[in-house]
Amino acid sequence: MSTSDLRERLRRLLLIIPYATRHPGCAIKDLAQLVQLTETELIEELDFLLMVGQPPFAPDDCVDIRVEDGKIYVDLDQALDKPPRLTAFEALALAAAARGMAGGDEGTVSRALAKIESALPQQLLPI
(Lines give C-alpha, C1' and ligand atoms only; values in the text may rest on other atoms or scores of the structure.)
Protein backbone atom coordinates (compact mmCIF):
# COMPACT_ATOMS: atom_id res chain seq x y z
CA MET A 1 0.00 0.00 0.00
CA SER A 2 1.31 3.45 -0.84
CA THR A 3 1.55 6.22 1.75
CA SER A 4 -1.40 8.05 0.22
CA ASP A 5 -3.46 4.82 0.31
CA LEU A 6 -2.58 4.35 3.99
CA ARG A 7 -3.54 7.95 4.75
CA GLU A 8 -6.87 7.48 3.01
CA ARG A 9 -7.51 4.23 4.89
CA LEU A 10 -6.70 5.88 8.22
CA ARG A 11 -9.01 8.80 7.37
CA ARG A 12 -11.82 6.37 6.59
CA LEU A 13 -11.26 4.29 9.71
CA LEU A 14 -11.27 7.39 11.91
CA LEU A 15 -14.57 8.42 10.32
CA ILE A 16 -16.32 5.05 10.57
CA ILE A 17 -16.25 4.69 14.37
CA PRO A 18 -17.56 8.16 15.31
CA TYR A 19 -20.18 8.06 12.54
CA ALA A 20 -21.48 4.64 13.53
CA THR A 21 -21.43 5.65 17.22
CA ARG A 22 -23.48 8.78 16.54
CA HIS A 23 -25.84 6.97 14.14
CA PRO A 24 -26.65 3.62 15.80
CA GLY A 25 -28.16 1.21 13.32
CA CYS A 26 -26.91 3.06 10.24
CA ALA A 27 -27.24 0.99 7.11
CA ILE A 28 -24.12 -0.63 5.67
CA LYS A 29 -25.14 0.71 2.27
CA ASP A 30 -25.27 4.31 3.53
CA LEU A 31 -21.96 4.20 5.42
CA ALA A 32 -20.23 2.45 2.51
CA GLN A 33 -21.38 5.25 0.22
CA LEU A 34 -20.23 7.89 2.72
CA VAL A 35 -16.69 6.46 2.95
CA GLN A 36 -16.59 5.60 -0.77
CA LEU A 37 -16.27 1.82 -0.39
CA THR A 38 -18.28 -1.10 -1.61
CA GLU A 39 -20.35 -2.86 1.04
CA THR A 40 -17.92 -5.80 0.95
CA GLU A 41 -14.92 -3.48 1.44
CA LEU A 42 -16.68 -1.76 4.35
CA ILE A 43 -17.33 -5.08 6.06
CA GLU A 44 -13.63 -5.93 5.65
CA GLU A 45 -12.74 -2.61 7.30
CA LEU A 46 -15.20 -3.32 10.13
CA ASP A 47 -13.52 -6.70 10.64
CA PHE A 48 -10.16 -4.92 10.82
CA LEU A 49 -11.52 -2.43 13.38
CA LEU A 50 -12.34 -5.33 15.70
CA MET A 51 -8.57 -5.60 16.24
CA VAL A 52 -8.18 -1.94 17.27
CA GLY A 53 -8.07 -1.12 20.94
CA GLN A 54 -6.10 -0.08 23.96
CA PRO A 55 -3.50 -2.21 25.75
CA PRO A 56 -3.63 -4.82 27.24
CA PHE A 57 -6.09 -5.77 24.45
CA ALA A 58 -8.51 -7.81 26.51
CA PRO A 59 -11.89 -8.22 24.80
CA ASP A 60 -13.31 -5.15 26.54
CA ASP A 61 -10.28 -3.08 25.46
CA CYS A 62 -11.01 -3.46 21.74
CA VAL A 63 -13.52 -1.67 19.56
CA ASP A 64 -16.75 -3.67 19.41
CA ILE A 65 -18.61 -3.20 16.14
CA ARG A 66 -21.35 -5.52 15.02
CA VAL A 67 -23.53 -5.84 11.96
CA GLU A 68 -27.09 -7.05 12.34
CA ASP A 69 -29.67 -7.14 9.55
CA GLY A 70 -27.53 -4.88 7.37
CA LYS A 71 -27.11 -2.26 10.12
CA ILE A 72 -24.00 -1.25 12.05
CA TYR A 73 -23.81 -0.87 15.81
CA VAL A 74 -20.84 0.19 17.96
CA ASP A 75 -20.96 -1.09 21.52
CA LEU A 76 -17.44 -0.12 22.65
CA ASP A 77 -15.94 2.76 20.68
CA GLN A 78 -12.92 2.97 23.04
CA ALA A 79 -13.24 6.77 23.07
CA LEU A 80 -12.36 7.00 19.38
CA ASP A 81 -15.36 9.29 18.98
CA LYS A 82 -13.26 12.34 19.94
CA PRO A 83 -9.58 13.26 19.79
CA PRO A 84 -7.48 12.00 22.71
CA ARG A 85 -5.76 14.30 25.19
CA LEU A 86 -2.06 13.69 24.84
CA THR A 87 0.80 14.41 27.19
CA ALA A 88 3.52 16.66 25.79
CA PHE A 89 5.78 13.65 25.17
CA GLU A 90 2.99 11.68 23.46
CA ALA A 91 2.33 14.69 21.23
CA LEU A 92 6.06 14.95 20.48
CA ALA A 93 6.15 11.27 19.46
CA LEU A 94 3.06 11.80 17.29
CA ALA A 95 4.69 14.87 15.71
CA ALA A 96 7.85 12.89 14.96
CA ALA A 97 5.84 10.13 13.29
CA ALA A 98 3.75 12.66 11.35
CA ARG A 99 6.90 14.45 10.19
CA GLY A 100 8.11 11.17 8.70
CA MET A 101 4.78 10.58 6.95
CA ALA A 102 4.43 14.13 5.66
CA GLY A 103 7.62 14.18 3.61
CA GLY A 104 7.30 17.22 1.37
CA ASP A 105 3.50 16.95 1.24
CA GLU A 106 1.60 20.11 2.16
CA GLY A 107 -1.62 18.19 2.69
CA THR A 108 -3.57 16.95 5.67
CA VAL A 109 -0.63 15.40 7.53
CA SER A 110 1.40 18.61 7.28
CA ARG A 111 -1.52 20.68 8.57
CA ALA A 112 -2.04 18.26 11.46
CA LEU A 113 1.69 18.39 12.23
CA ALA A 114 1.57 22.19 12.36
CA LYS A 115 -1.32 22.03 14.85
CA ILE A 116 0.49 19.50 17.03
CA GLU A 117 3.70 21.53 17.03
CA SER A 118 1.86 24.77 17.84
CA ALA A 119 0.48 23.11 21.00
CA LEU A 120 3.83 21.73 22.16
CA PRO A 121 6.06 23.57 24.63
CA GLN A 122 8.80 25.34 22.62
CA GLN A 123 11.61 23.54 24.49
CA LEU A 124 10.35 20.20 23.12
CA LEU A 125 10.36 21.26 19.47
CA PRO A 126 13.25 20.17 17.28
CA ILE A 127 15.66 22.88 16.25
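I looked up Arg12 and found this residue buried, at a relative accessible area of 13% (buried means under 20%, exposed over 50%, partly exposed in between, with a 1.4 Å probe and protein chains only). The model is predicted, so local features need pLDDT of at least 70 and side-chain atom pairs count only at pLDDT 80 or more, while totals for chains, interfaces and linings use all residues. Residues are numbered from 1 along each chain as its sequence is written, and side-chain values use heavy atoms, with hydrogens and water left out.

Arg12 lies in helix α1 (helices are DSSP runs of H or I, at least four residues, numbered from the N terminus). Leaving aside neighbours within four places in sequence, I noted Val35, Leu37 and Glu45 in contact with Arg12 (heavy atoms within 4.5 Å).

Next I checked helix α1 (residues 3-22) against helix α3 (residues 39-49): their axes come within 11 Å and cross at roughly 80 degrees. Axes are lines fitted to C-alpha atoms over the stretch in contact, with angles from 0 to 180 degrees between N-to-C directions. I therefore put α1 and α3 down as roughly perpendicular (65 to 115 degrees; under 35 is roughly parallel, over 145 roughly antiparallel, the rest oblique). Among the residues making this contact are Arg9 and Arg12 of α1 and Glu45 and Phe48 of α3.

I also found the charged end of Arg9 over the ring of Phe48, 4.3 Å from the ring centre (CZ of Arg or NZ of Lys within 6 Å of the centre and within 35 degrees of the ring normal).

Last, I looked up Ser110 in helix α5 (residues 108-119). Ser110 is buried, at 17% relative accessibility.

Technical notes
Helix = DSSP H or I, 4+ residues; strand = E, 2+ residues; numbered from the N terminus.
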